[in-house]
Amino acid sequence: MSERNQLGPEGGRTAGDEAPAYGGFEIVAREDFSDQTFRLDIRHPLLAKAAQPGQFVIVIVHEHGERIPLTLADFDPVAGTITLVIQAVGKTTAEMQRNCHAGSRLLGVVGPMGAPSRVTDAKKVVCVGGGLGVAPVFPQARAFKDNGAYVIGVVGFKNKDLIFWEDKFKTACDEFIVCTDDGSAGIKGLVTEGVRAAMARHADIDEVVAIGPPVMMRACAEATRTEGIKTVVSLNPVMVDGTGMCGGCRVKVGGKIMFACVDGPDFDGHQVDFDDLMNRLKRYAEEESLAMERWSESCRQSRLTPASGPESRLPAVEPTPLAGRQDA
Ligand SMILES: Cc1cc2nc3c(=O)[nH]c(=O)nc-3n(C[C@H](O)[C@H](O)[C@H](O)COP(=O)(O)OP(=O)(O)OC[C@H]3O[C@@H](n4cnc5c(N)ncnc54)[C@H](O)[C@@H]3O)c2cc1C
Ligand code: FES
């Protein structure tokens with residue numbers, strides 16, 4: 001396969017890349033929700049046509065970049081675009097926050113990956129998004145609504161300034177509950193307060209879908225366990241290839257080993273071993289902080305060097321070591 005074919009359909013400059021690009025996928029819009037979280041719309045007509053709720057993509061920002069999984073937060077087959085909502089938590093996501101703007105390109109966007117969410121015939125569903133989790137749970141809420149379910153949306157944020165997609169999410173809901181940790185909007189407390197409020201109002205909830213940090217998904221699963229309400233969570237272990245080959249995304253569900261990238265990412269929340277998931281997420285903390293330090297240093301140096309091109313151009317960065325991530 002030629003390099004051009006591997007990289008994408010069109011020529012152009014990749015986001016933050018120092019070298020000329022031979023392909024890539026154009027970012028057509030960006031919106032910042034907070035100093036950490038932002039939305040990118042990317043032109044990718046084939047992917048937009050094939051995408052289903054619950055699926056994700058693997059993104060490679062530039063030729064030295066690592067592969068990171070990001071959930072399809074929306075997709076528009078008519079416009080030929082997909083939407084990603086990203087939280088800058090480490091080197092690659094911080095690099096995207098700095099360099100991805102409308103008009104720039106991502107070198108690789110591979111997908112849709114993972115098993116689509118099962119949109120059952122449930123009559124009443126609670127869709128719960130914690131922080132960034134609001135974005136990936138949205139397509140599921142919309143799919144349940146389109147399927148005729150009564151949808152109760154529960155979203156949780158630290159404070160009201162971090163709330164995003166409230167109006168968009170409401171379009172997929174019959175009821176909508178906002179929770180904030182500090183009480184600056186909606187119910188004061190964690191999303192579990194919203195889930196309990198929904199359970200108190202409705203004795204006939206068939207299913208809960210919860211997406212967010214593992215600790216939040218575990219709390220939601222515990223909140224519904226005694227009532228025996230089916231609870232689906234979307235797991236986010238470290239992934240490398242996203243195709244079931246490396247074993248990096250191994251999770252324990254119902255005592256069995258599963259690969260989140262192909263067997264999930266959706267699983268029965270009452271069966272997930274969340275302690276194992278959280279321990280595995282910490283495994284590469286040292287490599288992750290080293291990669292971030294190296295990248296921050298290279299950004300600092302680039303500001304000292306007289307500019308020889310566009311301001312956003314970065315010096316070459318060493319790829320984040322992936323080898324350690326592969327021996328799962
Ligand atoms: C199926 C799936 C869907 C995801 N969807 C989104 C999304 O829509 N938006 C979003 O902002 N983030 C999403 N993530 C998490 C995102 O992939 C990580 O935040 C990203 O890989 C971190 O890379 P980094 O270099 O910026 O940070 P790093 O410094 O590498 O890591 C920072 C944190 O992210 C975790 N992490 C690192 N690499 C991965 C990885 N390959 N997979 C999962 N977690 C990782 C680490 O445990 C650490 O806590 C998703 C993860 C999975 C598995
Ligand atoms: S990311 Fe799932 S097996 Fe490699």
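**Overall makeup, core and helix packing**

The protein contains 11 helices and 17 strands. Helices (H or I, at least four residues) and strands (E, at least two) are DSSP runs, numbered from the N terminus. The model is predicted: local features need pLDDT of at least 70, side-chain atom pairs count only at pLDDT 80 or more, and totals for chains, interfaces and linings use all residues. Residues are numbered from 1 along each chain as its sequence is written, while chains are lettered from A and ligands numbered from 1 in the order in which they are written.

Of the 328 residues, 46% count as buried. A residue is buried if 20 or more other C-beta atoms lie within 10 Å of its own, exposed if 12 or fewer, and partly exposed in between, with C-beta atoms placed from the backbone. Two residues are in contact if their C-beta atoms lie within 7 Å. Among contacts with a separation of 6 or more, 64% join residues 24 or more positions apart.

The largest nonpolar core has 87 residues. Such a core is a set of buried Ala, Val, Leu, Ile, Met, Phe, Trp, Tyr and Cys residues joined through C-beta atoms within 7 Å. Val-126, Val-128, Val-154 and Cys-220 have the most contacts inside this core. Helix α4 (residues 134-146) gives the most to the core, with seven residues. Beyond its neighbours within four places in sequence, Val-128 touches Val-137, Val-154, Val-191, Val-195, Val-208, Val-209, Ala-210 and Cys-220.

Helices α6 (residues 191-201) and α7 (residues 214-225) were examined as a pair. Their axes come within 9 Å and cross at roughly 25°. Therefore α6 is roughly parallel to α7 (angles under 35 degrees count as such). Val-191, Thr-192, Val-195 and Arg-196 in α6 meet Met-216, Ala-219, Cys-220 and Ala-223 in α7. By class, this contact has six nonpolar, one polar and one charged residues. Here Ala, Val, Leu, Ile, Met, Phe, Trp, Tyr, Cys and Pro count as nonpolar, Asp, Glu, Lys and Arg as charged, and the others, Gly among them, as polar.

Most residues other than glycine have a negative phi, and most peptide bonds are trans. The bond from Gly-111 to Pro-112 is cis, with omega near 0°. Pro-112 lies in strand β8 (residues 108-113). The bond from Gly-264 to Pro-265 is also cis, with omega near 15°. Pro-265 lies in the loop between α8 (260-263) and β17 (266-268). Trp-165, not a glycine, has a positive phi of about 60°.

Definitions and conventions. Axes fitted to C-alpha atoms, helices over the stretch in contact; angles between N-to-C directions. Parallel < 35°, antiparallel > 145°, perpendicular 65-115°, else oblique.
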